[in-house]
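Thanks, everyone. Please look at the screen for a moment. I'll talk about backbone angles and aromatic rings.

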Amino acid sequence: MSEPIVVGIDGSEESDRALQWAAAEAVLRERPLHIVHALETWPYRAPLFVPADTTERMSRIGHRLLTATRERVQERWPGLEVTTDLVSEEPSQALHAQSDKAFELVVGSRGRGGFASMLLGSTSLRVAARPTVPVVIVHGDTADRGEIVVGIDLLRDVGTVLEYAFETAALRDARLRVVHAWQTFGTLIEAGYAIDAEQIELDLRGQVIETYKPLRAKYPRVDVVDEIIMEHPVTALSHASRNARLLVVGAHQRRWTAPQLGSISHGVIHYARCPVAVIPSS
């Protein structure tokens, strides 16, 4: 069996949108779909406050949710292989455990029930902060139209980020926009240093083209445009996401401390107008 697309659900509208995106993704990539519902049992382990059978009742509800969801997906995509799993674990831990056998993890931007903490800044960000596979956070416009946008940092290894972006653009027959944003240092300008923005942009464009050049040869049918923007990366990528069907960024983890999502990726997840794919470092 090929590695599945794994999606976390809880019955909320946001998780349903993530489910629809994940199912379509699984069909496109010809991979199975694995649906996960996390049952957090710790709130129900205090007998003084909750009935003794609460955990069992929540488990039955979870199984019914998974069964109904699988039937609904198979009715819409009858050829799609669908499996389900009910796990008694904290949501982000449950999804990280599932990533051992996954091609990609898909989550909604917020949720309830089993994914009650799935708010931006909570479960979704924890999942994206230490990915071992691509993590797609579904929010904004999920229509399958527009460009694939990838943001790159020339100071980092972006090979895996570009590979995912090119492959995704090829699968969707979509234009790929490669964006690199940079900022001048205001203090240098104030000190009287001359900044040749035009020459800097020209040099940066050459570096960007050289960075993705090998993938142009691998994916010759992908229409690629590059964009060099003198703007904060979060602002530039958020604006670019308005016309995108997917925005691709790197996780850029800070490995010398606890797992933490890079500040650019963190900001993009909050402000993007389309689903965001966070790609682990190579």
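A charge sits over a ring if NZ of Lys or CZ of Arg is within 6 Å of the ring centre and within 35 degrees of the ring normal. Keep that in mind, and note that this is a predicted model. Now find Arg31. Its charged end sits over the ring of Phe103, 4.1 Å from the ring centre.

Step back one residue, to the backbone. Most residues other than glycine have a negative phi. Glu30 has a positive phi, near 55°. Where does Glu30 lie? In the loop between helix 1 (13-29) and strand 2 (33-38). Glu30 counts as exposed because its relative accessibility is 71%, and the cut-off for exposed is over 50%.

Next, Asp173. Its phi is positive too, near 50°. Asp173 lies in the loop between helix 5 (159-172) and strand 7 (176-182). Its relative accessibility is 69%, so Asp173 also counts as exposed.

On to the rings. How many aromatic pairs does the structure hold? There are 2. One of them is Phe166 with Tyr212: the ring centres are 6.2 Å apart and the planes stand at 45°, so this pair is tilted. Planes under 30 degrees apart would count as stacked, and over 60 as edge-to-face. The pair links distant parts of the chain. Phe166 is in helix 5, Tyr212 is in helix 7 (residues 197-218), and they are 46 residues apart.

Are Phe166 and Tyr212 buried or exposed? Both are buried. Together with Phe166 and Tyr212, Tyr219 forms one aromatic cluster.

Notes
Residues are numbered from 1 along each chain as its sequence is written. This is a predicted model: local features need pLDDT of at least 70, side-chain atom pairs count only at pLDDT 80 or more; totals for chains, interfaces and linings use all residues. Side-chain values use heavy atoms; hydrogens and water are left out. Helices (H or I, at least four residues) and strands (E, at least two) are DSSP runs, numbered from the N terminus. Buried means under 20% relative accessible area, exposed over 50%, partly exposed in between (1.4 Å probe, protein chains only). Rings of Phe, Tyr and Trp (its six-membered ring) pair if their centres lie within 6.5 Å; planes under 30 degrees apart count as stacked, over 60 as edge-to-face and the rest as tilted.
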